[in-house]
Structures are given as C-alpha cells and as structure tokens.
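Have the viewer open as you read.

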Amino acid sequence: MRDQKELLEVEDPAVEILTQYLGWEEFDSKATEKLRESLKEVVLAPKLEEAIRRINPWISKENIGRVVRSIVNVQATSVLEVNEKVQGILERGTTVAQDLGDGLGLKGRDVFLIDYENPENNEFTVVRQFRVEHHKENIPDLVFFVNGIPIVVIECKRPDIRNPIEEGFKQVSRYQEAQSRFRNAGIPQLFNTVQVIAVTCRDKTVYGTNYTPGRYWSEWKEAYPLNLDSLIAKLGRIPTAQDIFLFGVCSKENLLDLIRNFIVFERENGKTVKKLARYQQFRAVNKILKNITKAEREGGVIWHWQGSGKSLTMLWTAVKIRHRKELGNPTLVVITDRTDLDSQIHGTFERCGFPNPIKARNSKNLQELLSKPTGQTIMSTVQKFQDVTSDNNIYPVLTEESNIFVLVDEAHRSQYKSLAANMRRALPNACFIGFTGTPISKKNRDTFETFGPEIDRYDHNQSVNDGMTVPIYYESRMAELQIEGYGLEELFDRIFTGYSPEEKEAIKKKYITKEEIAASSPRLRAIALDLVKHYEEYIMPNGFKAQIVAVNRKAAIKYKEILDNINAPSSELLISVEHNETDYSPYRKTKSEEEEIIRRFKEEKDPKILVVCDKLTTGFDAPVEQVMYLDSPLKEHNLLQAMGRVNRKFAHKGYGLVVDYWGVAEELQNALKMYSEEGIEGMIREDYKKEILPKLQAANRAALDFFQDVEKGDYSESYTELCVRYLEPEDRRVVFDQRFKLFSNYMDMLLPDPKALDYLQDLKWLGEVRMTARNRYRDSLLSLEDCSEKVRKLIEDHIRVKDVTQLLEPTSIYSEDFEKELEKLSSAEAKASEIEHAIKHEISVRWDENPVFYTTVKELLEQIIEDARKQRIDSVEKLKRLKNTLEKVKIPEAHAQDLGVDHEVAPFYSLITENVLDKEPFKKVAGEIYWAIKENAVVDWQQKEDVKREMRRQIKRTLRHSSFPSDQVEDMAMKLMDLASKRFIG
C-alpha cells in the first residue's frame with residue numbers, strides 16, 4: 001500500500017518538476033515490464049536500441065545488439081567495477097567494426113550512447129515504482145532513464161516521519177547491498193549503470209553515488225546556472241531543497257554534464273572510490289569554461305576554502321577543457337610550488353584515470369615539453385622555471401600558442417616574483433587560472449591582480465554550513481613561555497629562572513636569538529608536558545590525533561626526544577634532511593618511509609602525534625587530525641594554510657583546534673586583515689572557550705527545561721522514572737534527542753575545563769534518563785553512539801557507579817536477568833511499560849520469522865493498551881495481562897504445541913492456513929514443505945538459483961497435491977520461500 005503522504009508531498013511534486021519544467025517524460029512502470037524479459041533486467045533495451053540508431057544512424061542492427069550487450073553484460077568482479085566500465089562507455093562511447101561503404105573497408109567506428117552536444121536528441125524518462133527482482137523484489141520510488149539506461153535513483157520519504165533522510169539512506173543502502181546485513185536483500189544490478197543516488201523528504205535532499213559512505217552524502221545547494229531569484233520566478237514560490245536538487249542535478253544539460261565531466265573513480269588505499277562533484281565544484285568549473293570560451297578569454301581566481309576539494313575541481317576543469325571541441329586540442333599545465341604538492345596533484349590525476357599526465361622531471365625537460373605542446377597535460381613546480389638559457393639572461397618564450405591553459409594550485413604563493421614572471425614569459429598567450437583557499441590582497445602581492453578577477457568563491461562559512469569542513473577554533477596557551485609578546489631578556493629570565501648568575505651568563509652566550517630561546521630544552525619540556533596533558537584530556541579520549549609544528553628542525557628533534565622521555569602517546573618525527581647533512585642523517589626518512597608513517601597516522605591507531613617543522617603544514621589532508629600545537633612564527637597565508645590542516649571532516653569531529661604556544665595572535669589578526677570583514681567572519685574562531693560557554697549554558701537550560709511539565713524533583717530515582725515515562729511518545733524522544741546532543745557536544749568541547757564541571761551532574765543525569773528510555777522503549781535513536789567517546793564514557797561510568805549496569809544495554813526478554821531487572825522497577829506502571837515495549841521490540845525484529853504468530857501477538861498487545869486507555873482495566877490487571885502475553889512471546893514452542901505441530905514447522909503451518917477454514921489437513925502438508933526446504937538447504941542456498949528453483953518446485957507440487965486453492969499456489973510458494981530465507985534454514 002502506497003504511503004499517500006509520501007506520494008502527495010514528495011513524489012508527486014518531484015515528478016511535476018521533472019515533467020512540467022525540465023522536459024522529462026513520465027513512463028508507466030507496467031509499461032517498462034513489457035520492455036524487459038524479466039524483472040531481473042534493468043536496462044530498457046528497446047529504448048537503448050532506438051537511441052543508438054538515432055545518434056549513430058550508420059550503425060547496423062547486429063552492431064546495435066553488440067553495443068547493448070556491452071552495457072547489459074559487463075564481465076567484472078563487483079558492481080563498482082561494472083559501473084566504472086559502463087561510465088567509461090557512457091562518457092566516451094565504444095567501438096564496433098563496420099564497413100560503411102566509404103572505401104575504408106571494415107574498421108573500428110566510434111559509437112555513442114548519449115548525444116552530449118544535442119541534449120534533446122536523447123530520451124529522458126522517469127519511472128515511478130520501478131520493480132526489480134534479485135533474490136527478492138525491491139521497488140525504488142523514482143528511477144530516471146536516459147535512452148533506456150537507469151542513471152538516477154531517488155528514494156522519497158514523507159517529511160513528518162522520524163529521521164526521514166536516515167531511513168531513506170538505509171533503503172538505498174539495502175538496494176545496493178552496501179553492507180553485509182543487506183546481503184541478498186537488495187537489487188545490486190540496478191546500480192551497474194546508475195550514476196546519481198538521492199534521498200529526499202521534500203525539505204531536505206541528499207545525494208551521493210555508488211557506495212558513497214553516509215558521512216559523505218551532501219546537499220546540492222544551488223541550481224546553477226539559475227540563481228535563487230530566477231528559480232523563484234520560474235516556480236512562482238520559494239523552492240524546496242528537492243526543487244533545487246532537481247533543477248541543479250537533473251535538468252537535462254546538467255545531468256549530462258555530470259555524467260560526462262564530473263565523475264571519477266579514484267584508487268584510495270587499495271580500494272576504488274567513486275566520486276561525484278559537489279555543487280560548488282560543478283559551478284566553479286562551468287564558470288571557468290564560460291570565461292575561457294568567451295571572445296575575450298579571461299583567466300581568474302577560484303577561491304575555495306581549504307578542504308573543499310580543490311584538487312578534484314582542478315581535475316574536473318581539465319576534463320571539461322579536454323571535452324570542449326572549440327578549444328581544439330589544448331595543452332594543460334598544472335603548476336604547484338612544492339614537490340610534495342606536485343606529487344599529490346599528479347597522483348590525484350593518475351588515480352582518477354586522467355589520460356597520461358606528464359610530470360616534468362627538471363627545468364630542461366619542462367622547456368622541452370612546453371616548446372612543442374601537442375595537447376599534453378604537463379605537471380610541474382613553478383621552481384622549474386628558474387633556468388635561463390638565452391644569451392641575454394631573459395627567460396625564453398617557449399611557445400606563442402593560445403590554447404594553453406595553466407592551472408595554478410595554491411595560487412596565493414610563489415606567483416609574484418621572478419619564477420612566476422618566467423612562467424608567464426615562456427607562455428605569453430596562455431590562460432592562467434589560480435586555485436586557492438587563501439588569496440592574498442596586499443601591495444606587490446595580490447592574487448587577483450596576478451590572475452584576474454574572482455571567478456567563484458566558496459568560503460569557510462559556506463564550507464562549514466554544508467558540512468564539507470568543521471570550524472577552526474584558536475586557543476593561546478602558556479603566555480609566559482610564548483616568544484612573541486615578550487622581550488628576549490624577560491623571556492630568558494622566565495625560562496631559566498632558578499639558575500645561578502654564572503649559569504645564566506653562560507647560557508646567554510648560547511641562546512641569543514628568538515629561535516635559540518624557542519628551542520631551549522627547559523622551554524620545550526614545559527610546553528611538551530602541557531600539550532601532552534591537553535591532548536590526553538581533551539583530544540585523545542575521542543580517538544583524534546595531533547600535529548606539533550616546531551620552529552626549526554633542532555626544536556622538532558628535541559620535541560620528539562622529550563615526548564619519548566615523558567611516556568607521551570606514540571609519535572613520529574618528519575623533517576627534511578638533505579643527503580649531505582650528516583648532523584641530521586639519523587632523522588632522514590626515505591620517501592616510502594614517510595608515506596608509510598603518514599598512512600599509519602591517517603588509518604591506524606598509532607602514531608597519535610606527528611612532529612614537524614617544514615613538512616605537512618600545507619596540502620596535508622588527514623581528517624583524523626583534530627589539533628595542531630603551533631610553536632612556530634608562521635605568518636599571513638602560511639599561518640592560515642597551516643591552521644586549515646585541522647578542518648577536515650571526520651566522524652564525531654565537531655571542530656578543529658589550533659593551540660598556540662608561540663604567540664601568533666597578532667600575526668593571525670594581520671593575516672585576517674588581508675580579507676574583507678565579510679571574508680574573515682568566522683574563518684578562525686579565537687578564544688573559543690568564551691564563545692562556547694554561553695552556548696553550553698543555553699543548551700543546558702534547554703535540555704533540562706524539556707521536562708518542565710514533569711512534577712519537579714531532584715535527581716532521585718522516582719523523578720528519573722517520571723521523566724522516562726514522559727519520553728514515551730516518540731515525538732518527544734525526537735526533540736529530547738536533539739537537545740541532549742547539542743548539550744553533550746558543547747560539554748565535549750569544554751571538558752575537562754573547570755567551567756564545564758558545573759554542568760557535569762546534569763550531563764550524567766540526562767544521560768541516565770536517555771539510556772533508561774533507550775532501553776525501556778527499545779529506541780536506537782537514544783543510544784550514545786552519536787556522542788563523543790569522552791561524553792559516552794562519563795555517562796557509562798556514572799551508570800556503573802550507581803549499579804544500574806542494565807542501562808548499558810537493553811536486557812533481552814530471554815535473559816535470566818529480565819525478571820530481576822523488572823522487579824527493580826518501583827511501580828506497576830513502570831513494569832508494564834517495560835514489558836509493553838519489550839514485546840513491541842520482539843514483534844518488530846522477529847516479525848519476518850513468523851508473521852502470522854506475531855500478528856496475533858500484536859493484536860493482543862493492542863487490545864491490552866486500548867483496554868487500559870479506556871480504563872476498562874487497572875494498572876495491576878494490565879501488568880498481569882502483559883506478563884501473560886510476554887510468556888507467549890518467550891515460549892513460541894507452547895504456541896506450536898497448541899497448534900499441534902513441531903515448533904519449527906509452526907510458522908509454515910500458520911502461513912499456509914492463515915486464510916483456510918479447515919486447517920487440520922495442512923499439518924502434514926506444512927511438515928512436508930518444511931522438510932523439503934530443510935533437505936535442499938545447502939550453505940548459502942539463498943544465492944543459488946538452481947537450489948531455490950528445486951525448492952519452489954517441491955513446495956508447489958506439495959501444495960497442488962493438497963486441497964490448497966490452486967490459484968494461490970504460486971503466491972504462497974513465494975511467501976514460503978521468503979519465510980525460509982528469513983528463518984535462516986540451512
């Protein structure tokens with residue numbers, strides 16, 4: 001039965017946008033079944049054949065068949081591997097051998113399945129309730145087809161249910177069989193061709209692609225090229241999130257653009273990950289193409305905040321430039337200013353399958369490559385433009401061709417002096433596009449004057465609001481040991497207090513500069529002790545990692561030695577060491593050794609801390625890093641870039657933190673002055689504890705005030721019970737969940753700061769209420785999984801101390817402890833509530849194993865609740881009847897005994913006789929069917945078609961030899977097979 005609210009409020013409006021505004025045609029689901037030989041097929045082959053003939057009018061019927069088979073029957077070991085091959089065919093077409101009678105004979109000819117140049121030459125159809133069968137049938141709400149190929153799947157959820165997006169995400173995960181728990185439950189073959197997957201509840205729409213983990217799903221916030229005003233004018237109303245997604249992703253032009261230019265398969269840690277552009281990347285690339293294809297070609301600046309995917313934006317820019325016919329066969333030059341960034345960008349292009357990116361080996365090789373550009377993609381550092389080879393000491397012009405596009409990463413650096421001037425002289429007619437998260441606007445160093453106007457901006461606030469990155473907080477610590485803000489004499493006296501005048505004089509001769517004082521052992525030891533304490537109390541309990549940035553290599557080495565000596569959490573040192581630097585040779589790491597340390601830092605439990613000075617402060621992407629301990633005099637964009645290392649998104653990571661031991665507060669202000677007031681708002685949040693404390697206080701009040709309608713009391717057992725009972729309605733639990741999480745998040749940020757301790761008792765008590773309600777109502781929403789490890793441990797320790805350990809997990813009704821825990825409850829109402837929801841939980845989780853029996857139990861339970869509500873029975877009688885019902889649930893064997901059949905046969909007997917008047921003859925029939933299934937049930941039989949076929953044959957034969965209605969045999973056989981699968985017979 002269709003959910004009418006979902007249909008009317010979500011699905012219908014989506015189809016209306018598609019058909020009335022975007023030019024799609026709705027196609028009836030039943031009609032698609034006539035175009036498929038079985039429900040296992042997902043491609044509408046006749047429509048694909050028509051499209052191939054329309055787009056490639058020269059092709060023969062036999063070759064059309066071959067092309068269709070290349071999409072339908074791809075040989076691969078996984079759905080994602082099939083999808084990658086299919087996406088390649090969709091993007092670039094395929095080849096067939098055919099003689100066109102043009103005198104060239106039989107030769108390979110390109111065949112295209114989609115006409116990208118003429119979108120209207122394709123067929124765009126949307127199908128509701130598209131039935132697909134694998135091991136069982138699934139029915140996605142909306143499937144979009146381009147030329148008969150499933151390209152988009154959208155799952156609709158009514159907006160008023162609890163967690164509609166999460167529920168929809170579970171459903172599409174099941175369709176894909178994305179997790180082991182969904183094995184044999186989905187329709188993975190549908191996703192052989194699908195490129196975009198979305199979940200919508202009208203007011204929010206999130207999207208991803210094949211097997212995108214939940215935390216990387218995002219919203220498409222802009223219907224580019226339409227802006228909000230033009231979309232309002234078009235619709236005559238404020239657009240919903242669903243409208244924006246459909247206009248932004250599913251308009252014909254945009255969808256084809258995404259398929260062709262904005263999908264990559266990247267190899268990460270031995271796995272293939274499919275990535276689809278986000279709205280800001282799509283918008284930026286298309287703005288670049290608009291600029292460079294104008295009559296007066298323009299370069300410019302892409303200002304996208306750190307961590308928002310600039311490398312992929314550069315990649316997709318390169319892909320789209322390659323696809324634009326009017327640009328001929330362009331040469332692409334990708335420039336960075338650091339060897340590690342050059343390798344990183346080159347690696348990104350290579351891993352994503354970009355064709356033949358060439359990495360310039362040295363300056364001479366770069367000049368050779370650029371002197372004869374022939375549509376290559378060349379990667380280099382700007383430093384390779386240093387060698388002058390002409391007689392007049394002026395860098396030579398290497399080529400005057402104009403279809404050269406230079407993409408410069410970190411465009412705020414190294415683009416204002418001789419190296420950059422050499423690059424521009426070498427390529428006088430090239431188009432330069434700068435990519436940066438921190439553009440500079442200063443005299444003699446202005447990113448916009450160098451590259452041109454801003455093409456697109458995606459700033460820190462947008463990035464944080466979209467969940468792309470987390471906010472960055474800044475904290476200054478140990479002012480008495482900070483280098484900036486003190487005179488050298490004063491600082492020296494602070495560090496070497498307690499030394500004799502003679503010792504101080506000897507030390508002064510050694511420590512005479514800021515750097516020397518900064519690297520002094522007493523200072524570094526004091527800081528190391530402080531930062532380790534901070535890390536162990538604030539950061540490590542939640543499983544996050546840290547980076548220490550030292551002033552120089554000597555200080556970095558000392559930090560590492562001190563950390564080892566004070567038994568600090570595991571650490572590794574990474575510094576640059578040249579081959580001729582014998583003093584530092586013990587600390588030299590090979591490239592592979594460095595890569596392995598970085599991999600372990602990102603992926604494994606240890607190391608927990610990286611100590612650096614000149615490495616990994618820019619371009620380093622480690623989402624697990626939450627804190628940077630800064631003890632280095634970084635300035636301007638270098639400071640902001642370094643701080644950006646902690647802003648990457650990670651599970652349960654609400655913010656990144658920079659702890660300043662050098663005293664860069666003034667430099668931070670100077671760095672921020674390079675931007676407008678609007679540009680710096682919220683970029684770095686200083687003195688974050690002052691900012692968080694009032695928010696914590698407000699969240700604390702909101703969480704406690706939630707129970708203001710409950711009779712007031714202290715944190716006694718009776719008051720706790722009243723609050724738990726107050727949470728019985730599901731809608732109240734949803735609101736309480738939101739308030740508790742906000743409060744616990746702010747507590748996590750401050751703890752163990754003394755200012756947070758005033759609210760610790762409230763946190764523990766609210767956690768106890770939450771856990772009691774979670775177990776009472778068997779409500780997974782109220783688990784502590786979404787809380788930080790730090791907060792979760794506090795609450796669980798509190799529960800253990802109170803000796804209410806059953807709160808940590810719901811007690812199963814089959815456990816010996818269930819009765820004991822029940823007796824601990826003080827009132828009949830509490831006991832009745834506990835039993836009622838325990839039964840409801842059993843019904844929900846075991847329904848599929850015995851649907852007829854649990855339907856009966858459900859009806860019994862509903863009658864008891866109704867009788868109590870209408871006061872036909874009192875609380876004592878309600879408890880008595882609930883206990884009787886509980887016994888029925890706990891001992892299904894007794895139910896089977898009442899039926900007169902074996903307890904394993906009972907579910908099959910109940911299902912067969914559900915609508916049969918004379919049930920007695922079917923006891924033998926049910927037993928025969930059960931044993932027929934049992935005898936055929938080999939290991940993993942659910943995946944073996946031949947085994948299932950034999951089971952179905954025997955079931956149907958047994959039913960037909962009985963008095964079971966012949967017209968219902970087929971349907972009952974399917975139900976019995978499904979029941980057998982759910983009961984894990986094997």
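In which loop is Asn163 found? Asn163 sits in the loop between S8 and helix H6 (164-176). Keep in mind throughout that this is a predicted model.

Asn163 is not a glycine, yet its phi is positive, at about 50°. With a relative accessible area of 28%, Asn163 is partly exposed. Asn147 also has a positive phi, near 55°, and isn't a glycine either. You'll find Asn147 in the loop between S7 and S8; at 0% relative accessibility, Asn147 counts as buried. For context, most residues other than glycine have a negative phi, and most peptide bonds are trans.

As for peptide bonds, the one from Tyr224 to Pro225 is cis, with omega near 10°. Pro225 belongs to the loop between S10 and helix H7 (228-235). Further along, the bond from Asp606 to Pro607 is cis too, with omega near 0°, and Pro607 lies in the loop between helix H22 (591-603) and strand S25 (609-612).

## The six-stranded sheet

Six strands make an open sheet with mixed pairing, in the order S1-S4-S7-S8-S9-S10. Strand S1 (25-26) and strand S10 (205-208) are at the edges with a single partner strand each, so one side of each has no neighbour in the sheet. Helix H9 (residues 252-261) packs on the sheet, touching strand S4 (124-128), strand S7 (142-146), strand S8 (149-156) and S9. The direction of H9 makes about 110° with that of S8.

Five of the five residues of S9 are buried, so the strand is largely enclosed by the rest of the structure. Both faces are covered: Val196, Ala198 and Thr200 are buried on one side, Ile197 and Val199 on the other.

## The second largest pocket

Which element gives the most to the lining of the second largest pocket? H40 does, with six residues. By type, the lining residues divide into 16 charged, nine polar and nine nonpolar.

Technical notes: Residues numbered from 1 in each chain as written. Predicted model: local features only at pLDDT ≥ 70, side-chain atom pairs only at ≥ 80, totals over all residues. Heavy atoms only, no water. Pairing = 2+ DSSP bridges. Helix = DSSP H or I, 4+ residues; strand = E, 2+ residues; numbered from the N terminus. Contact = heavy atoms within 4.5 Å. Axes fitted to C-alpha atoms, helices over the stretch in contact; angles between N-to-C directions. Nonpolar A, V, L, I, M, F, W, Y, C, P; charged D, E, K, R; others polar. Buried < 20%, exposed > 50% of the residue type's maximum accessible area, 1.4 Å probe, protein only.
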